[in-house]
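Biologist: I have not looked at this one before. Can you put it up and walk me through it?

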Amino acid sequence: MSTQTPHATGALRDDDLDGVPTFHPVGGDWSDVAAEAARLGEERIVVNMGPQHPSTHGVLRLLLEIDGETVTEARAGIGYLHTGIEKNMEYRTWTQGVTFCTRMDYVAPLFQEVAYCLAVEKLLGVTADVPERASQIRVLMMELQRISSHMVFLGTGGNEMGATTVMMMCFQAREDILEIFELVTGLRMNHAYVRPGGVAQDLPENTTAFVRKKMDSVRKYLRQAEDLVMENPIVHLRMKETGYLSTAACMALGVTGPLLRATGLPYDVRKTEPYCGYETYDFDIPTATEGDNYARMVVRLEEVYQSLRIIEQVLDRLDASRGTPVMVADKKIAWPAQLAIAGDGMGTSPEHVKEIMGTSMEALIHHFKLVTEGFRVPEGQVWQTIEHAKGTMGVHLVSDGGTKPYRAHFRDPSFNNLQATSMICEGGQVADVVVSVASIDPVLGGVDR
Amino acid sequence: MSPEKKNDEPQTAALRPTTGQVIAKAAASAGEAHPLLEVVAVRHGMFGPAGSGDTSGYGGLVTTVVMPGPSERPYGGWFDEVVDVLAEVLDEEGPGYAAAIEYVVVENGELNLHVAPEHLVAVCSALRDDPDLRFELSLGVSGVHYPHDQGRELHAVYHLVSITHGHQLRLEVAVSEADPHVPSTTSVYPTNDWHERETYDFFGIVFDGHPGLARIMMPDDWVGHPQRKDYPLAGIPVEFKGATVPPADERRTYR
């Protein structure tokens, strides 16, 4: 009996394996899958990729049936990150709901916040009353978020193909954007910054100058990453003509966003059902026609440049609208305090505290009721779509006239787009699975909610 | 609470009954239980613990909450045209408009068609295939549980988009908890596969004809359907600096 350790430099013989510890995975449906394969007696291999696989962007489980290097069947299993956010939202006030939905797609939290708040505003009937500056801030934040989300796509996608340098460049660009978020909202992610009726706070002084400076830096890293990947022969070999999805397949599977636009259909909710005043900004919808992994990457990079265009326009508008309100005037919706950073780094509002504690009992009662009880929203249901970085995001809200949502449902684009896994992976090579899944750009927090 | 709607959406203010009117209408037809009004909740009192111990919120106050009722023509904007074309297609080739569409609700500038469950697939096919309708994209299915809407407790809501015409509309079907069967729309919109699985998982609505109606979020052996209103949140108390905050579903609530 040989005791040597098997290694990859020679053909493995059966007696090499004697005494080597082996592990047989069991549990869940895996035993059934293995038993089925044994019963059929076919020369097939079923590979369980994930849920703890570094290339699956979180806890995505892929069941691959492979024949040699070819994937004959691919199925995605999800639900490992289900946290019951929608159920939890039914037990919190309409304002607290923002704190929950921001945690769904944690790579692009501001999209959920804006979509949810737009839906609440529609139910309240205050859509037209939301101040111009609040919409401008939302547009700024969403477009920054789009860039950072696409940077994560390019960075992690590059990393999965073995190019750590791309990831370093993209994450540096994302870091610049997260610094803007930290300046404006206090947090790098899970902001709870957008609120029904407007935004929680106005931009701090000099934000526009800070954003302009950071955008120069983002452009620099973007250009570097682009130079590195766009004409890179390895990227071409890995991404061109892999993971193909046609326009018809996208329609049937409800696939939207960069995946759909990479097939040539310029469908973008910002143009078809404008919100937050997107109809007043000058930007294009980039498309490609190939419908493969490479086309999706090109479309996303082009979108980043369009987002930079929108950011330039919105920064000028923000300079012009300085000092105007960022929350609806209705005191039954808008929280009374405007927080500022105190000496200890915590948020406080000395003037407001002085008023409610010293001069106005009614203001104190109002503040207490509005924050603890919340505001009531007229009964009815509403559907709001926005263009998320990953596709069309939909929010379905039902109100029973109470202070909490009766039902909140989020149509997360990643959840829907992941359905295309089978179609884009089957018939391809095992190595292409990683690239194809990365090209969908799923975030499992949003998929599982 | 909110100022008058300022946007001139297709829906007109007069068409949407205020809560007071609807409740009056519901009270007028009390006894014969209007089948088309979706009763969302019957609230007793304004706040305080449920059951006994009426500490301040006067439990004698009873409020019946109903969803906006059927709208009457004209619906406004492109809504009339779409409903007309749909009626024509259904009368010619399908089960007939009167049989398939229970009623139409226009609220918040959105068109919502309440569909009889048995004719859902025919309505979806008509909406997808007719060149004047062409709702080619489905944005999924979501469920809502209305335990007070007797005999129609479980609702499935379908969100459709016409990229060709730039329209969005909603279909809604209602079934009872005792017989929660809705035909699957995956033959018309394959994208609804996972969405129907999710709705089945969370609400227990059984989509007949679905290619593989398994749970999608919860483990396969999970008991119950978590998004139903009678399913507890099962929150845990949070302790912070010696004080304990009760779980969200056990806190004092405002009704």
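Biologist: Which residue stands opposite B:Val161 in β7(B)?

Modeller: B:Gln168 stands opposite B:Val161. Keep in mind that this is a predicted model.

Biologist: How many bridges join β6(B) to β7(B), and how do the two strands run?

Modeller: There are 9 bridges, and the strands run antiparallel. β7(B) covers residues 167-175 of chain B.

Biologist: What do β6(B) and β7(B) form, and what is in the turn?

Modeller: They form a hairpin, with 4 residues between the two strands. In the turn, B:Gly166 has a positive phi of about 70°.

Biologist: What about β5 and β6 of chain B, how many bridges there?

Modeller: 7 bridges join β5(B), residues 137-145, to β6(B), and this pair runs antiparallel. B:His145 has B:Leu154 as its bridge partner in β6(B), and B:Gly143 stands opposite B:Ala156.

Biologist: In what order do the strands of the sheet come?

Modeller: The order is β3-β4-β7-β6-β5 in chain B, 5 strands in an open sheet with mixed pairing. β3 (101-107) and β5 of chain B stand at the edges with a single partner strand each, so each has one side without a neighbour in the sheet. On average, neighbouring strands are turned by 20° against each other, direction ignored.

Biologist: Back to β6(B). Why is it largely enclosed by the rest of the structure?

Modeller: Because 9 of the 9 residues in this strand, 154-162 of chain B, are buried. That holds for both faces of β6(B). One side has B:Leu154, B:Ala156, B:Tyr158, B:Leu160 and B:Ser162, while the other has B:His155, B:Val157, B:His159 and B:Val161.

Biologist: Which helix lies across β5 and β6 of chain B?

Modeller: That is α5 of chain B, residues 192-203. The helix runs at about 5° to β5(B).

Note on methods
Residues are numbered from 1 along each chain as its sequence is written. Chains are lettered from A and ligands numbered from 1 in the order in which they are written. This is a predicted model: local features need pLDDT of at least 70, side-chain atom pairs count only at pLDDT 80 or more; totals for chains, interfaces and linings use all residues. A residue is buried if 20 or more other C-beta atoms lie within 10 Å of its own, exposed if 12 or fewer, and partly exposed in between; C-beta atoms are placed from the backbone. Two strands pair if DSSP finds at least two bridges between them. Axes are lines fitted to C-alpha atoms, for helices over the stretch in contact, and angles run from 0 to 180 degrees between N-to-C directions. Two residues are in contact if their C-beta atoms, placed from the backbone, lie within 7 Å.
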